[in-house]
Amino acid sequence: MTILCEHPPAFGGVELEEKNIPVDHDKQENELVLDGGFVVPGTNSFGHTFRDYDIESERQKGVEEFYRKNHINQTYGFVKRMREEYGSLNRVEMSIWECCELLNEFTDESDPDLDEPQIEHLLQTAEAIRKDYPDEDWLHLTGLIHDLGKVLLHPSFGELPQWAVVGDTFPVGCAFSESIVHHKYFTENPDHNNSTYSSKYGVYSEGCGLDKVSMSWGHDDYMYLVARENKTTLPSSGLFIIRYHSFYALHREDAYRHLMNEEDIENLKWLKIFNKYDLYSKSKVRVDVEEVKPYYLSLIEKYFPAKLRW
Ligand SMILES: O[C@H]1[C@H](O)[C@@H](O)[C@H](O)[C@@H](O)[C@H]1O
Ligand SMILES: [Fe+2]
Ligand SMILES: [Fe+2]
């Protein structure tokens, strides 16, 4: 399968990756405009550059402490147990929209760029994509649902700690890449001292495909399982985005290429596009939920059953 056949890009080019065009007026120097017109802000709502994990601030201390716990506890064994436990989807029955509303209660402790309730982020992402890619309704819906796995923080899902739900993800069962945020804390991860799990290929083989690779447990893989098991009709690129959107070492740093197969390489093109909207749409500008709700309900109806098993 190639993306070009299945979902022609709205702008009709062969190259799917966005071309960043610098803006030359009034805007801050580091602002960029994506192909569809989306203006990438130069700074986040705290006045810092996006994904800056090294600046000195109170919020950043919390973020670093989050990653310390995350890197120590996400082991190959932990991931296996969580996938089995949560893969049975026997906890709750609810619709996609009900889940969006549940996320209203949560903020994400791993995120240096956003301290708004999660439902805002879902709508901001989806609406920003919708403006630039009006014909790709599957991508709008992917934007809306990509973080719904954060519902694992909710009491009816066992109230998992933040380190087991949010933050960037990475493969387990093979060496941790140095391009992962706050990489230094991996030295305290038990897998770091296991000769197989700390080798380049670990339990995997060259070009085996990401589907074979166990990722640190969190909202990405969980939502992927929910969507797949509830038989969504979203295209495989949508499922790929949901599953790997927090895998920054891959989609931003180009690490772990040695584990990818041809299909992953195709899907990565859409993920890179998606990421710009996921990251840079984070702002204090609120979306009017009631105004956009009917549109998203129609997409949910098109791609998902009325009730899903979670
Ligand atoms: O802090 C953020 C947040 O948790 C996002 O939902 C996740 O996708 C990112 O990768 C992470 O860095
Ligand atoms: Fe996410
Ligand atoms: Fe997100």
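**Group meeting: a predicted protein chain and its ligand**

Good morning. In the protein chain of this predicted model, residues 24 or more positions apart account for 75% of the contacts with a separation of 6 or more. Two residues are in contact if their C-beta atoms, placed from the backbone, lie within 7 Å.

A word on conventions. Residues are numbered from 1 along each chain as its sequence is written, while chains are lettered from A and ligands numbered from 1 in the order in which they are written. Because the model is predicted, local features need pLDDT of at least 70 and side-chain atom pairs count only at pLDDT 80 or more, whereas totals for chains, interfaces and linings use all residues.

The protein chain has 11 helices and five strands. These are DSSP runs numbered from the N terminus: H or I of at least four residues for helices, E of at least two for strands. Of its 310 residues, 41% are buried. A residue is buried if 20 or more other C-beta atoms lie within 10 Å of its own, exposed if 12 or fewer, and partly exposed in between, with C-beta atoms placed from the backbone.

Let us turn to the core. The largest nonpolar core holds 76 residues, and Met 223 and Ala 249 touch the most other members. Helix α10, residues 262-280, supplies the largest share of this core, seven residues. Such a core is a set of buried Ala, Val, Leu, Ile, Met, Phe, Trp, Tyr and Cys residues joined through C-beta atoms within 7 Å. Leaving aside residues up to four places away in sequence, Met 223 touches Ile 145, Leu 148, Gly 149 and Ile 242.

Phe 50 touches Asn 44, Asp 113, Leu 279 and Tyr 280, not counting residues up to four places away in sequence.

Finally, the ligand. Among the residues surrounding ligand 1 are Asp 108, Asp 111, His 245 and Tyr 248. Thank you.

Conventions
Near = placed C-beta within 6 Å.
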